[in-house]
Amino acid sequence: MKDFNKESIKEAIIFELDKFKELISFSGQCDYETSIVDILTEVFSQPPFETLNQRYQLGLLNRVNVKWENVRHTRFDHSVGVATKCLVVCSILNKKTDNYKIEFDDILELCIAASLHDIAHLPYSHAFERGVLSHVEYNAGVSHEDRVAPLLVEENQYFEKIRDITLTNSKREDKNHSILRIVCLISEEMGKKHTKGISNFEWPSKALHQLLSSELDLDRLDYIIRDTEAVNYTPVTKIHREITAYLNELSLKEIKLINQSHTFGKYELCLPDSSLHSAFNLLVSRVLLYKNIYFSREVRAFEANLTDLIDKLITNRIPLDLLELSTMGDDEFRDNKLPFYKDKIRNNPDKLSIVSYIDAIQKTQTNKFSFVFSIQEDIFKHPRLKEEFCNNINSRDYIHNLKKAIVTFLNNSQDTNGIKYAESEFLFDIFNLKTGGGDFLVIEEKVKENNGKEERTILYKTLKDYMNGSNMARLCKESRVDIYLNSHYHGSGNVEKIKSRIKLFFDQFK
């Protein structure tokens with residue numbers, strides 16, 4: 001965590017800017033650099049970012065393994081990194097494109113959107129959100145991106161100064177449109193909701209949205225670089241230059257559509273096919289991080305305590321004040337809010353399990369859950385069951401029915417040694433990894449000789465055209481359900497028996 005004052009914040013912004021310029025061999029100043037650095041310093045000095053400065057970028061990971069105990073960079077660090085990368089890449093695009101320039105307001109709005117994209121995270125970020133999102137009543141507008149919109153659009157004390165900074169520095173005729181454009185960049189769904197009926201509103205160009213949210217966006221690029229450095233994950237740290245090389249080859253192209261009423265502005269990013277190796281290096285790096293760090297079994301087995309705790313709190317009608325939680329740092333939540341939840345469950349039937357989850361988090365009891373089994377689509381031999389699984393993997397009802405069926409099968413099996421398993425003793429954790437829609441525009445240039453002259457043909461494709469049917473497509477898209485046994489009840493001795501019985505459960509569906 002950094003000292004939270006304007007001087008140190010400005011130093012952090014300049015440090016991130018210079019470090020990224022060096023990495024991608026960018027020389028000189030960015031467009032509007034001095035002005036935007038000063039504005040970002042004001043933005044990052046506001047109280048919501050003090051909370052981000054108390055949120056660990058990698059959540060509970062630093063409590064799982066002694067080799068990661070000093071991995072304590074924050075979501076504040078990440079937000080500064082994404083904002084500064086946006087500033088640099090906009091300047092690269094302006095130098096390469098003659099017919100379209102990204103103007104001051106566009107860059108400012110993108111940089112502020114980048115600053116705010118994680119501002120509404122809850123304590124321990126994604127682990128907490130997974131527990132909340134599993135409930136239907138919380139699904140609408142609960143993602144951290146969606147929760148930013150009302151904070152920006154509706155006048156409130158928490159975001160008042162950030163709104164003022166944006167409005168004061170906007171050069172647009174209708175300054176409030178700058179606020180709305182930032183909303184659009186952070187969440188397309190919320191953007192549509194809040195701009196509906198505004199006839200003269202102009203959406204930000206798709207290129208700006210792609211820089212913040214696409215399969216090759218700067219949000220992903222920043223956390224891949226930052227997190228792999230922090231955990232010293234050498235398969236990726238060794239290729240940081242390779243995974244950023246595509247940035248210097250990006251350019252802007254006009255979108256060709258018949259119906260432009262449901263899209264972002266007129267220009268989008270494109271990539272020459274000669275830079276696909278860099279793009280694929282980035283995609284593979286992300287997959288490796290998820291498989292080996294973010295969703296490694298030891299990490300998820302510990303985060304499962306928090307995910308299942310949140311699920312039980314909601315199920316038992318213990319209120320979660322999402323706005324209050326948005327203002328809490330990770331350690332404050334652990335030390336102050338978790339004891340509060342203990343006091344709320346005096347006569348609750350789930351009291352013992354809730355208390356055990358809270359104790360596990362507070363005392364770093366990393367062996368509370370044991371990994372048992374992963375359910376992937378290839379375990380379903382019948383095509384209809386496979387289709388059902390793929391279509392419903394994010395459905396709480398489907399996962400609940402799947403868990404119920406498996407637990408019933410376990411309890412009806414022979415050789416249970418008298419043990420009757422309860423559904424509450426298992427956590428079914430969804431792992432859903434996608435690279436995005438693959439809609440990033442790629443330009444393929446073909447050269448052939450005709451009568452001694454070179455003829456050049458330009459073909460426009462999308463990234464998915466190079467991925468579909470390839471090993472890359474299979475590597476970069478995976479959906480599975482990981483099953484963890486609550487070892488508080490039965491310990492790890494039953495894991496192998498349960499695993500073999502779960503295999504028998506699926507064998508009956510051939």
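Which Phe residues do ring pairs link into a cluster? Let's look at this predicted model view by view.

**View 1. A cluster of Phe rings.** Ring pairs join Phe373, Phe380, Phe389, Phe409, Phe505, Phe506 and Phe509 into a cluster. In the structure as a whole, there are 23 aromatic pairs.

**View 2. The pair of Phe409 and Phe505.** Here the ring centres of Phe409 and Phe505 lie 5.6 Å apart with their planes at 70°, so the pair is edge-to-face. Phe409 belongs to helix α22 (residues 396-412) and Phe505 to helix α26 (residues 495-507), so the pair ties together parts that are 96 residues apart in sequence.

**View 3. The whole chain, for orientation.** Stepping back, you will find 26 helices and 7 strands. The C-alpha trace spans about 80 × 65 × 50 Å along its principal axes. For 510 residues, a compact globule would have a radius of gyration near 24 Å, and the chain agrees with its 25 Å. Of the 510 residues, 55% count as buried. Among contacts with a separation of 6 or more, 73% come from residues 24 or more positions apart.

**View 4. Surface and charges.** The chain exposes about 23200 Å², of which carbon and sulfur atoms supply 46%. It carries 69 positive and 76 negative charges, and their mean positions are 5 Å apart.

Terms used:
Residues numbered from 1 in each chain as written. Predicted model: local features only at pLDDT ≥ 70, side-chain atom pairs only at ≥ 80, totals over all residues. Heavy atoms only, no water. Helix = DSSP H or I, 4+ residues; strand = E, 2+ residues; numbered from the N terminus. Rg over C-alpha atoms; globule rule 2.2 N^0.38 Å. Buried < 20%, exposed > 50% of the residue type's maximum accessible area, 1.4 Å probe, protein only. Contact = heavy atoms within 4.5 Å. Areas by Shrake-Rupley, 256 points an atom, 1.4 Å probe, with all protein chains shown as cover. Lys, Arg positive; Asp, Glu negative; His and termini not counted. Charge placed at Lys NZ, Arg CZ, Asp CG, Glu CD. Phe/Tyr/Trp six-rings, centres within 6.5 Å; stacked < 30°, edge-to-face > 60°.
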